[in-house]
Amino acid sequence: MDLYSGYINKLIEELAALPGIGSKSAQRLAFHIINMPKARVERLSNVILDAKANVRYCKECYTLTDQEICPVCANAKRDHGMIMVVENTRDLAAYEKTGKYVGVYHVLHGAISPMIGIGPGDIKLKELMQRLEGEVDEVIIATNSSLEGETTAMYISKLIKPTGIKVTRIASGVPVGGDLEYIDEVTLLRALEGRVEL
Ligand code: ZN
């Protein structure tokens, strides 16, 4: 038996499909949205549509940006020979917040995870290798310390080693399985400064 209207059910279904939102939260959000003034619902829908229409990958580092080239890559003062590889744009933002990293980034948009069928071809790895054909002195692998992050780090280092480019891994001390974005700036800087060559 359908307890709610078909429209509400559809809304709950879509919300529940978002990461981190269980069916209870989805129901709560759906009823909240229905009770919101129409103008606010329109604003919310438009913000989502605008973001989707205007946000794209930076042509160099693949972070999410409004421009063709993101502000970090466009900055001539950054060291373009030092590339930090991160899993996602949130991790990039975490390192940028420290204000101490002078290099550029490469955003993989995921990590290798055989368990859920994410292979090397599903993340921006080919794009990283293409960038390494230019002048690069060091690749700093800053994937998470989760099993997926470590698997990805190992895979990347094996791939880069033959090129002769220096490959380093941020120091452990970053909590296991911890998303980089939740780690404080001091810990991030310590991990960066204590990086070891692979
Ligand atoms: Zn960029």
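In sequence, the residues that donate to the zinc ion follow the spacing C-x2-C-x8-C-x2-C. The model is predicted, and its chain comprises 8 helices and 7 strands.

**Zinc site**

- The zinc ion is coordinated through the SG atoms of Cys58, Cys61, Cys70 and Cys73, at 2.3 Å.
- The arrangement is tetrahedral because the 4 donor atoms subtend angles of 106 to 116° around the zinc ion.
- For comparison, the ideal angle for four tetrahedral donors is 109.5 degrees.
- Cysteine 58 and cysteine 61 are both buried.

**Loops and surface around strand β2**

- Tyrosine 62 is located in the loop between β1 (56-57) and β2.
- Although tyrosine 62 is not a glycine, its phi is positive, at about 70°.
- Most residues other than glycine have a negative phi.
- Tyrosine 62 counts as buried because its relative accessibility is 18%, and the cut-off for buried is under 20%.
- Leucine 64 belongs to strand β2 and counts as partly exposed, at 44% relative accessibility.
- Together, Val55, Tyr57 and Leu64 make a nonpolar surface patch of about 250 Å².
- Glutamine 67 lies in the loop that runs between β2 (64-65) and α4 (71-74), and it is partly exposed, with a relative accessible area of 41%.
- A separation of 19 Å lies between the C-alpha atoms of glutamine 67 and arginine 131, which are 64 residues apart along the chain.

**Loop between β4 and α6**

- Histidine 109 is placed in the loop between β4 and α6.
- Histidine 109 is not a glycine, yet its phi is positive, at about 60°.
- With 26% relative accessibility, histidine 109 counts as partly exposed.
- Serine 113 is also found in the loop between β4 (103-107) and α6 (125-131), but serine 113 is buried, with a relative accessible area of 4%.
- When neighbours within four places in sequence are left aside, the contacts of serine 113 are Ile118 and Glu148.

**Packing of helix α8**

- Helix α8 spans residues 185-193, and its buried residues are Thr187, Leu188, Leu189, Ala191 and Leu192.
- These buried residues of α8 pack against β3 (79-86), α5 (89-98) and β5 (138-141).

**Salt bridges**

- The count of salt bridges comes to 5, and three of them are described here, beginning with a pair in helix α3.
- Glutamate 42 and lysine 38 meet through their side chains in a salt bridge, with an N to O distance of 3.4 Å.
- Glutamate 42 and lysine 38 are separated by about one helical turn because they are 4 residues apart in helix α3 (residues 38-54).
- An α-helix has 3.6 residues a turn, so residues three or four places apart point the same way.
- Glutamate 42 is partly exposed at 42% relative accessibility, whereas lysine 38 is exposed, with a relative accessible area of 65%.
- Arginine 78 and glutamate 96 form a salt bridge in which the closest N and O atoms are 2.7 Å apart.
- Arginine 78 lies in the loop between α4 and β3, and glutamate 96 lies in helix α5, so this pair ties together parts that are 18 residues apart in sequence.
- Arginine 78 counts as buried, at 14% relative accessibility, and glutamate 96 counts as partly exposed, at 27%.
- A further salt bridge joins arginine 195 to glutamate 138, with the closest N and O atoms 2.7 Å apart.
- Arginine 195 lies in the loop between α8 and β7 (196-197), while glutamate 138 lies in strand β5, so the pair ties together parts that are 57 residues apart in sequence.
- Arginine 195 is partly exposed, with a relative accessible area of 26%, and glutamate 138 counts as buried, at 7% relative accessibility.

**The chain as a whole**

- Along the principal axes, the C-alpha atoms of the chain fill a box of roughly 65 × 35 × 35 Å.
- Of the 198 residues in the chain, 39% are buried.
- Among contacts between residues at least 6 apart in sequence, 56% join residues at least 24 apart.
- The chain exposes about 12100 Å², of which carbon and sulfur atoms supply 57%.

Technical notes
Residues numbered from 1 in each chain as written. Predicted model: local features only at pLDDT ≥ 70, side-chain atom pairs only at ≥ 80, totals over all residues. Heavy atoms only, no water. Helix = DSSP H or I, 4+ residues; strand = E, 2+ residues; numbered from the N terminus. Buried < 20%, exposed > 50% of the residue type's maximum accessible area, 1.4 Å probe, protein only. Patch = residues over 30% accessible without salt bridge, like charges linked within 9 Å, V, L, I, M, F, W, Y side chains within 5 Å. Areas by Shrake-Rupley, 256 points an atom, 1.4 Å probe, with all protein chains shown as cover. Salt bridge = Lys/Arg side-chain N within 4 Å of Asp/Glu carboxyl O. Contact = heavy atoms within 4.5 Å. Donors = N, O, S within 2.8 Å, 3.2 Å for Na, K, Ca; no water. Tetrahedral: all angles 85-135°; square planar, octahedral: opposite > 155°, others 65-115°.
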